[in-house]
Amino acid sequence: MKRALRKEDVSVVTAPYLHHTLEFALDSIAANGFTQVELWGASPHFCWDDYTKSERVFRIQEIRRMMKERGLRMSVFHPEQVRQYPINIASPDAYLREKSLRVMKDYLEDTIAFGTDRMILAPGWPFVDSFCEADTGRAIESVGILTRRAKELGVTLYMEEMGATSTLFVKDLAGLAKIVKGVGEPNLKACLDVVMMAQNRESAAEYAETFGEIGHIHLADCEKGGYTALGDGELDLTALLAELDGMNYAGSVSLYLPGAGHYQDPDRSVRRSAMWLEKEGTNR
């Protein structure tokens with residue numbers, strides 16, 4: 001039997017609301033019929049460097065209250081860890097690496113405080129001009145440290161392919177497999193980013209074959225390499241959902257729309273995706 005992919009089953013990553021208040025983001029998500037949030041942990045909504053310890057506790061409580069008032073819950077915590085942020089768990093600099101591990105351990109505890117038990121983790125990043133096996137070794141070691149701490153807390157971690165402008169470690173399926181299998185812990189699972197999968201000419205079946213299961217999915221359409229609202233791009237998403245049906249995929253899915261193209265009017269992108277789900281998610 002085909003599984004209906006309803007809006008109620010799909011979380012929305014808050015990344016496209018970067019230039020709007022979190023209140024606006026949550027209002028938009030709820031108004032479009034979604035009930036779950038994958039909070040992008042970044043300034044100005046929630047970032048490790050924006051609060052004192054007591055302020056951090058208060059902000060978590062405030063966000064939980066804001067979600068509850070709108071009938072929302074957090075399904076996944078997705079802290080920002082790359083690009084301009086001074087966090088790199090694979091850094092060759094011992095001070096930066098240890099500081100980054102402390103930040104990420106705090107984020108693991110925040111995950112529980114937010115009322116969820118799932119978090120997105122990035123492997124850090126190497127320098128482009130000196131990328132070597134030692135870098136990969138540090139990444140695997142650091143991811144292992146965090147994965148074991150996550151296990152103590154009851155948290156499952158998800159790692160996905162990421163573009164080369166973010167990190168060279170997981171720019172394709174082979175790189176992702178090297179990190180995930182190198183750690184070898186059951187609470188570190190692969191997240192399938194649909195756009196990255198398409199760009200690398202990979203398939204959901206390859207993910208399932210490589211890892212035995214798909215832990216989580218970041219769903220979006222794609223046009224000219226960018227993440228677009230569902231139905232606005234070039235991907236055959238209906239065929240992808242059918243493929244996942246054939247694999248009996250019953251895991252979690254988040255609508256993932258990063259990129260400046262959504263910043264001015266993120267509600268439009270989320271609304272168009274909601275409309276696509278209403279039409280195609282239940283009738284295919």
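Modeller: Happy to. This is a predicted model, where local features need pLDDT of at least 70, side-chain atom pairs count only at pLDDT 80 or more, and totals for chains, interfaces and linings use all residues. Residues are numbered from 1 along each chain as its sequence is written, and side-chain values use heavy atoms, with hydrogens and water left out.

Biologist: What makes histidine 218 buried?

Modeller: Its relative accessible area is 1%. Buried means under 20%, exposed means over 50%, and partly exposed is in between (1.4 Å probe, protein chains only). So histidine 218 counts as buried.

Biologist: Where does histidine 218 lie?

Modeller: In strand S7, residues 216–219. Strands here are DSSP runs of E with at least two residues, helices are runs of H or I with at least four, and both are numbered from the N terminus.

Biologist: Which side chain makes a polar contact with the side chain of histidine 218?

Modeller: That of glutamate 38, at 2.8 Å. A polar contact is a pair of N or O atoms within 3.5 Å; within protein, one must be able to donate a hydrogen and the other to accept it, and residues adjacent in sequence count only if both atoms are side-chain atoms. Contact in general means heavy atoms within 4.5 Å. Leaving out residues up to four places away in sequence, histidine 218 touches several others, including His78, Glu160, Asp193 and Tyr256.

Biologist: And why is alanine 242 called partly exposed?

Modeller: Because its relative accessibility is 38%, it falls into the partly exposed class. Alanine 242 lies in helix H8, residues 237–246.

Biologist: Why are H1 and H2 called roughly parallel?

Modeller: The axes of H1 (residues 22–31) and H2 (residues 53–69) cross at roughly 30 degrees and come within 10 Å. Axes are lines fitted to C-alpha atoms, for helices over the stretch in contact, with angles from 0 to 180 degrees between N-to-C directions. Under 35 degrees is roughly parallel, over 145 roughly antiparallel, 65 to 115 roughly perpendicular, and the rest oblique. H1 and H2 are therefore roughly parallel.

Biologist: Which residues meet there, in H1 and H2?

Modeller: Leu22, Glu23 and Leu26 from H1 meet Arg59, Ile63, Met66 and Met67 from H2. By class, that contact has 5 nonpolar, no polar and 2 charged residues. Ala, Val, Leu, Ile, Met, Phe, Trp, Tyr, Cys and Pro count as nonpolar, Asp, Glu, Lys and Arg as charged, and the others, Gly among them, as polar.

Biologist: What makes H5 roughly parallel to H7?

Modeller: H5 (residues 173–183) and H7 (residues 204–211) pack at about 25 degrees, with axes 11 Å apart. That angle makes H5 roughly parallel to H7. Their contact divides into 6 nonpolar, 1 polar and 2 charged residues.
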